[in-house]
Amino acid sequence: MQTVSDAFDAAYWRARYAIPGRAGWDAGRVTPPLRAYFDQLPVAQQPRILIPGAGRAHEAEYLHRLGYRHVVVADLAPEPLAELAARVPDFPKENLWLTDFFALPPSEPFDLIIEQTFFCAIAPSRRPAYARQCARLLRPGGRLVGLLFDTPFAGASEPPFGGTRDEYRAYFAPYFEFIHFNTAYNSLAPRTGRELFICLQKKSTD
Ligand SMILES: C[S@@+](CC[C@H](N)C(=O)[O-])C[C@H]1O[C@@H](n2cnc3c(N)ncnc32)[C@H](O)[C@@H]1O
């Protein structure tokens, strides 16, 4: 695990959004693995979905257009949330949460948490807390689904931070059953072979 500062705060992220070319993580659309996952979900069940570190939240836009009405996006930076609101004017304003994911209280539990380049954006020292917080916010049987880089970004001193599947397993194993934890077959071209698609189910007791 890299030794880096924990100080990737709202000011850090706002600056990255403000400087052209410093938001290279943004695919500009829902990524193919998540699009394929969303397309086979049963919309009629209207699950409560959280997208932490959502940024411009193309996943939330896609889910909203599919008819999902209980999608919450959380981010430290106001600018990307405002961009989502401008792109999708009928996205519920009360579901745009300008907040620290790690400070979210476990109030109404979520059925699903979506991961898309948020885990790689936090300091590696916070990864155990990420796994714990996801478990805390999900109902028993709820799922954490998304993508994790499966490659070390050697020497990185700021996000994105990489890692390996063996490292990640240790964080999630205390709270989750591993339904799927394999190299994604349909990644964006620059990420091909370098990311895991994960589907983790919260254990009944944590
Ligand atoms: C690498 S970006 C990914 C954004 C988006 N998921 C995407 O793929 O385009 C990481 C995002 O996480 C947000 N973020 C970082 N730390 C956070 C925290 N503790 N709580 C909530 N959001 C956070 C940043 O503001 C930024 O928008």
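These legends describe close-up views of the ligand, the pockets and the cavity in a predicted model.

**View 1. Residues around the ligand.** The ligand has 18 residues around it, and those that come nearest are Tyr17, Gly53, Asp75, Gln116 and Thr117. Sorted by class, this shell holds 10 nonpolar, 5 polar and 3 charged residues.

View 2. In the side chain of Asp75, an N or O atom is 2.6 Å from an oxygen atom of the ligand. Asp100 places a polar side-chain atom 2.8 Å from a nitrogen atom of the ligand.

**View 3. The largest pocket.** This pocket is where the ligand sits. The space in the largest pocket is about 500 Å³. Its lining consists of 34 residues, of which Gly53, Asp75, Thr117, Phe118 and Ala121 are the closest to the centre of the pocket. At least two lining residues come from each of helix H1 (10–18), strand E1 (49–52), helix H3 (58–66) and strand E2 (71–75). The lining is made up of 17 nonpolar, 7 polar and 10 charged residues.

**View 4. The second largest pocket.** About 240 Å³ of space is found in the second largest pocket. Its lining has 14 residues, and Tyr37, Leu41, Pro42, Gln45 and Pro47 are the closest to its centre. The largest share is that of E5, with 4 residues. By class, the lining of the second largest pocket divides into 7 nonpolar, 4 polar and 3 charged residues.

**View 5. The largest cavity.** The model has 1 cavity of 30 Å³ or more. The space inside the largest cavity is about 60 Å³. Residues that line this cavity include Glu115, Gln116, Thr117, Phe119 and Cys120, and also Leu147, Leu148, Phe149, Arg191 and Glu195. Strand E4 (110–116) and strand E5 (138–149) are the elements that give two or more residues to the lining. E5 gives the most, with 3 residues. The lining of the largest cavity has 5 nonpolar, 2 polar and 3 charged residues. Two of the residues named here, Gln116 and Thr117, line the largest cavity and are also among the residues that come nearest to the ligand.

Key: Residues numbered from 1 in each chain as written. Predicted model: local features only at pLDDT ≥ 70, side-chain atom pairs only at ≥ 80, totals over all residues. Heavy atoms only, no water. 1 Å grid on protein atoms, 1.4 Å probe; cavity = no way out; pocket = protein on both sides within 12 Å on 5 of 7 lines; lining within 4 Å. Points joined across faces, edges and corners; volume = space filled by probe spheres on them. Nonpolar A, V, L, I, M, F, W, Y, C, P; charged D, E, K, R; others polar. Near = heavy atom within 4 Å. Polar contact = N/O pair within 3.5 Å; in protein donor to acceptor, adjacent residues only side chain to side chain. Sits in = over half its atoms within 2 Å of the grid points.
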